[in-house]
Amino acid sequence: MAKLTFKTDLCKGCGLCVDACPKNLLTIAKDKINQKGHSPVEITNQDECIGCAFCATMCPDCIITVER
Amino acid sequence: MIVFDKPKALTDAPLHYCPGCTHGIIHRLVAEAIDELGIEGKTIGVAPVGCSVMAYDYFSCDMVEAAHGRAPAVATGIKRSDPSNIVFTYQGDGDLASIGTAETVHAATRNENITVIFVNNAIYGMTGGQMAPTSLPGQVTQTSPYGRDTKLCGFPVRVCEMLSELEGPEYLERVAVNNVKNIKKAKAAIKKAFENQINGKGFSLVEVVSTCPTNWGMTPKDALKWVDDNMIPYYPLGVYKDRSGKEEK
């Protein structure tokens with residue numbers, strides 16, 4: 001099973017990963033604010049993640065680690 | 001098993017780029033190429049002036065900061081003084097295609113054995129969104145509020161096409177980083193540019209069509225679409241020169 005880990009405090013909430021996810025599992029958590037003052041990304045359903053790493057490929061800040 | 005993580009050739013320093021700026025992706029692709037070729041210890045990068053001026057903080061190889069536009073000249077000096085070094089420059093369009101045109105053209109025509117990563121986002125990003133030599137006709141910028149008027153300001157410089165007319169350069173390719181497929185192609189191009197240098201083949205330039213959501217005045221998502229709709233039609237992707245392979249385009 002695939003697992004995503006986010007370095008949440010480095011996220012700038014740009015949302016490029018959200019659009020890249022083929023399963024539409026990622027979302028920008030509007031109710032949260034990280035150290036940088038951005039709303040960070042989070043995964044809605046970890047179990048459905050297929051570990052394609054498209055999100056990590058699009059992430060400009062290298063905050064996503066993908067394990068499979 | 002970890003299938004994707006930050007490459008070792010990038011430091012842990014948080015990138016200062018705006019949210020959604022594709023500089024971060026291109027930094028990572030360069031770092032991945034350095035990691036995969038195992039050349040971190042002998043690589044020397046040359047940072048430009050522009051948004052990526054602090055690239056020396058982000059790459060864990062040795063870095064030098066060059067004066068505006070002079071990165072290919074500095075890289076020439078480093079490479080010639082010790083050819084066992086792997087030398088790359090990382091430059092934006094205001095740096096490479098404007099003030100540094102002479103250095104770029106002459107490094108290319110001498111077939112200097114260096115790798116040039118050219119980030120083209122059609123605007124001066126760091127100084128606040130002024131018109132660049134690569135700004136598209138009709139593009140609205142701070143200094144062209146009614147759109148770039150080609151009668152007044154001329155036409156954009158297509159660097160790959162221009163350099164491909166020279167005898168010198170070994171390898172010229174234009175890639176984009178606006179979707180996963182293009183990022184994979186960009187990575188292959190950047191890796192090939194480094195391999196060319198390792199094999200002593202000569203001047204390799206990879207032009208990466210990039211975004212500037214802040215100064216284009218768009219969301220990061222719209223900026224990626226703008227690349228597809230406007231940038232790529234004007235700056236067609238592909239290999240412009242590959243002397244060791246077969247020539248295309």
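Helices here are DSSP runs of H or I with at least four residues, strands are DSSP runs of E with at least two, and both are numbered from the N terminus. This is a predicted model, in which local features need pLDDT of at least 70, side-chain atom pairs count only at pLDDT 80 or more, and totals for chains, interfaces and linings use all residues. Residues are numbered from 1 along each chain as its sequence is written, while chains are lettered from A and ligands numbered from 1 in the order in which they are written.

**View 1. Chain A, with its elements in the order β-α-β-β-α-β from the N terminus on.**
That makes two helices and four strands for chain A. Its radius of gyration is 11 Å, close to the 11 Å that the globule rule gives for 68 residues, so chain A is as compact as a globular protein of that length. (The radius is taken over C-alpha atoms, and the rule is 2.2 Å times the number of residues to the power 0.38.) The C-alpha trace spans about 30 × 20 × 20 Å along the principal axes of chain A. Buried residues make up 41% of the 68 residues; buried means 20 or more other C-beta atoms within 10 Å of the residue's own, exposed means 12 or fewer, and partly exposed is in between, with C-beta atoms placed from the backbone. Of the chain A contacts between residues at least 6 apart in sequence, 63% join residues at least 24 apart. A contact here is two residues whose C-beta atoms, placed from the backbone, lie within 7 Å.

**View 2. Chain B, with ten helices and eight strands.**
A compact globule of 249 residues would have a radius of gyration near 18 Å, and the 17 Å of chain B agrees with that. Its C-alpha atoms fill a box of roughly 50 × 45 × 35 Å, taken along the principal axes. In chain B, 52% of the 249 residues are buried. Residues 24 or more positions apart account for 66% of its contacts with a separation of 6 or more.

**View 3. Strand S4 of chain A (residues 64-67), flanked by a strand from each chain.**
On one side, strand S1 of chain A (residues 3-6) runs antiparallel to S4(A), joined by four bridges. Look for Thr5(A) opposite Thr65(A) there. S4(A) also pairs with S1(B), again antiparallel, over two bridges; strands pair if DSSP finds at least two bridges between them. In that pairing, Val66(A) has Phe4(B) as its bridge partner, and Glu67(A) has Ile2(B).

**View 4. Where chain B touches chain A: 22 residues from chain B and 23 residues from chain A.**
On the chain B side, S1 (2-4), H1, H8 (180-198) and H10 (220-234) each supply at least two residues. H1(B) gives the largest share, four residues. By type, this side of chain B has 14 nonpolar, four polar and four charged residues. (Ala, Val, Leu, Ile, Met, Phe, Trp, Tyr, Cys and Pro count as nonpolar, Asp, Glu, Lys and Arg as charged, and the others, Gly among them, as polar.)

**View 5. The largest nonpolar core, with 93 residues.**
A core is a set of buried Ala, Val, Leu, Ile, Met, Phe, Trp, Tyr and Cys residues joined through C-beta atoms within 7 Å. The members touching the most others are Cys17(A), Cys55(A), Ile64(A), Ile117(B), Ile190(B) and Val208(B). Helix H1 of chain B (residues 23-37) brings the largest share of this core, seven residues. Zoom in on Ile117(B): leaving out residues up to four places away in sequence, Ile117(B) touches Ile26(B), Val30(B), Phe88(B), Thr89(B), Tyr90(B), Ile190(B), Val206(B) and Val208(B).

**View 6. Helix H5 of chain B (residues 101-109), with Glu103(B), Thr104(B), Ala107(B) and Ala108(B) buried.**
These four cover an arc of only 125 degrees around the axis, which puts them on the same side of H5(B); the arc is that of the directions from the helix axis to the C-beta atoms. They pack against H3 (71-81), H4 (93-99), H7 (159-164) and strand S7 (204-209) of chain B. Just after H5(B), Asn111(B) takes a positive phi of about 50 degrees.

**View 7. Met218(B), in the loop between H9 (213-216) and H10 of chain B.**
With 16 C-beta neighbours inside 10 Å, Met218(B) counts as partly exposed. Setting aside neighbours within four places in sequence, Met218(B) is in contact with Pro213(B), Ala223(B) and Trp226(B).
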